[in-house]
Amino acid sequence: MSLIEVKGLKKSYGNVHAVRGVDLSIAQGEIFSLLGPNGAGKTTTVEILEGFRTRDAGSVSVLGFDPQTRGNESRIWRNRIGIVLQSSSDAGDLTVIETIKHFSGYYSNPRNVDEVIHSVGLKEKEDALIRNLSGGQRRRLDVALGIIGNPELLFLDEPTTGFDPEARRAFWALIQQLRTDGTSILLTTHYLDEAEALADRVAVINNGVIIEVSTPAELGGRATSQATVQWRDGDAIKFEKTDNPTALVSSLSARFNGEVPELIVTRPSLEDIYLEMIGGANE
Amino acid sequence: MNKIPCALQLGIRRGGLEIRQFARQRESVVFTLLFPVILLAIFGSVFKDTIAPGVTFSQYFVAGMIASGLVNTGFQALAITIPMERDFGALKRLRGTPMPASSYFIGKAILIFASMVVQILLLLGFGVLFFGLEMPTDPGKCLTFAWLVLLGSACSTALGIAFSIVPKSGRGASAVVSPIVIILQFFSGVFFVFTQLPSWMQQVAAIFPLKWLTQGMRSVFLPDSFATQEVAKSWETERTAVILLVWLAIGIFFSVRKFKWDRD
């Protein structure tokens, strides 16, 4: 069953056609990542799914509800989703635990406050005022507030911007744990390695349309694209692009009598493929 | 599956949270709660005359300070702080939860009412102790005082929430809102005796709630003999109630219809 179903979604701002016919289908239990450059229609699409913006055309279903629904229907729907927005800096005069406890009161079946504080790693900071948190801790609080309602679907917008590498790894582990617990996640990110580490499927959006939907490993024909073999030959670094890297390596191995000096075999990174895709689409 | 908490229950909880947040902002607590007291101290020391037999300027001024306190604490504070909350992304985050807009509004109303009560108690206590302020003893006047504070506070809250859609950013909000409030205070007879103002000023002021709140407060704190010195030769109590109710309705209408949760 798909949690999110989008068909022919369109949205314009005056003469700017931000979204020009987006189709998406996101399944229960998956982490789905939406990738795209600034101005590609990514934010508009996600904000329509989150119910923050209205659409001009097309059909949208999120957990079986139209996000444009208002009133009590909207509360029932919002009770089942969680949203982690980009940076917010409010309520600096409350403590972590006060804020999370208060937000838990908005939902019919919230998660245990203490458990959530633990899972985002803020136990030691629970009595700290929010204004005294570091950027990374604040982001963890944002996530805590996003998941406190025990959502079936979580929207995560640029969750690790400004994190140091260690904090990012810890954060990824948290997101993977959420998925294991049964939460479906729609992730928008600028970090391709983040999408690769977390997402089951990625969609690339550019100029208001979806260019491709695939697994990170297969996007843009990545799995079958040419490999680059690089090695040292005397003083020179040599490399060769090939469809048959194994054959090339074994012929090199024969030439060097065993170990090939400084051997590296690579395929294009997700970032290489992505840049090629959006570059090609922009021409 | 439990039920989603009802709007009123969440509104009361939000009120508690708003008060807690407010109480921790020391500067704004001092400013909001003590500013009227400071003004009374200044004006009360400068103007020592009586403006009518047995009516000191302080007695007249307290009525104006309570009325304008309602406008400062409600309308002005909300029309400035809500755009800031909007800039911080706090409102958008709330919008993404099942908390209904009405709960947010109720929370603000509770905050404003609570800080009004504290502010008035401080002002009256200070006035009685140092400026010979005489408190009303007549039950009818006490009742008028109670509904004026309640209705004035609700009206000021609703209009402050409604007006929060006007400033484009939190940074510029003060520049938009403060002049309006100051001009309104001068026009409405807070700092001067209303009947001594030019009649065009009186007529402009009569459109807005502050003039009526001030006049209502005078009916509480000044002797009934003073009513003949009002423009209409009477306190116009019923008319005051009607005009405040109309403004309350206008405020609620725009708050519900036009409230902005997001910057764009």
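Predicted model: local features only at pLDDT ≥ 70, side-chain atom pairs only at ≥ 80, totals over all residues.
1. Overall make-up of chain A. Chain A carries nine helices and 12 strands, and its C-alpha atoms, taken along the principal axes, fill a box of roughly 70 × 50 × 35 Å. Of the 283 residues in this chain, 36% are buried. When contacts in chain A between residues at least 6 apart in sequence are considered, 64% of them join residues at least 24 apart.

2. Domains of chain A. The domain assignment, which comes from an automatic or database source, divides chain A into domain 1 (2–217) and domain 2 (226–266). The C-alpha centres of domain 1 and domain 2 of chain A are 43 Å apart.

3. Ile175(A) in helix α6 of chain A. Ile175(A) belongs to helix α6 of chain A, which covers residues 165–180, and it counts as buried because it has 22 C-beta neighbours inside 10 Å, where 20 or more are required. Once neighbours within four places in sequence are left aside, Ile175(A) is in contact with Ile185(A) and Leu198(A). A further reference point is Leu156(A), which is 19 residues away from Ile175(A) in sequence and 9.7 Å away in space, C-alpha to C-alpha.

4. Ala170(A) in helix α6 of chain A. Ala170(A) is also placed in helix α6 of chain A, but here the count is 16 C-beta neighbours inside 10 Å, so Ala170(A) is classed as partly exposed. Between Ala170(A) and Tyr191(A) there are 21 residues of separation along the chain, and their C-alpha atoms are 16 Å apart.

5. Helices α1 and α5 of chain B. Helix α1 (residues 7–23) and helix α5 (residues 101–130) of chain B pack at an angle of about 45°, and their axes are 7 Å apart. That angle makes α1(B) oblique to α5(B), and the crossing of the two is right-handed. The residues in this contact divide into 12 nonpolar, six polar and three charged.

6. Helices α3 and α6 of chain B. The axes of helix α3 (residues 57–88) and helix α6 (residues 139–163) of chain B come within 8 Å and cross at roughly 20°, and α3(B) and α6(B) are therefore roughly parallel to each other. The crossing of α3(B) and α6(B) is right-handed. The contact is formed by residues including Leu70(B), Val71(B), Gly74(B), Phe75(B) and Ile82(B) from α3(B), together with residues including Gly152(B), Ser156(B), Leu159(B), Gly160(B) and Phe163(B) from α6(B). Sorted by class, the contact of α3(B) with α6(B) has 10 nonpolar, six polar and no charged residues.

7. Contact of chain B with chain A. This contact takes 24 residues from chain B and 22 residues from chain A. On the side of chain B that touches chain A, the elements that give two or more residues are α1, α3 and α4 (90–95) of chain B. By class, that side of chain B has 10 nonpolar, six polar and eight charged residues.

8. Backbone at Asn150(A). Most residues other than glycine have a negative phi. Asn150(A), although not a glycine, has a positive phi of about 55°, and this residue lies in the loop between α5 (135–147) and β6 (153–157) of chain A. Asn150(A) has 19 other C-beta atoms within 10 Å and is therefore partly exposed, since burial is set at 20 or more.

9. Backbone at Glu236(B). Glu236(B) likewise has a positive phi, of about 50°, although it is not a glycine. The residue is found in the loop between α9 (209–221) and α10 (237–258) of chain B. With 18 C-beta neighbours inside 10 Å, Glu236(B) counts as partly exposed.

Key. Residues numbered from 1 in each chain as written. Chains lettered and ligands numbered in written order. Helix = DSSP H or I, 4+ residues; strand = E, 2+ residues; numbered from the N terminus. Buried ≥ 20, exposed ≤ 12 C-beta atoms within 10 Å, placed from the backbone. Contact = placed C-beta atoms within 7 Å. Axes fitted to C-alpha atoms, helices over the stretch in contact; angles between N-to-C directions. Parallel < 35°, antiparallel > 145°, perpendicular 65-115°, else oblique. Left-handed = near helix turned anticlockwise from the far one by under 90°. Nonpolar A, V, L, I, M, F, W, Y, C, P; charged D, E, K, R; others polar.
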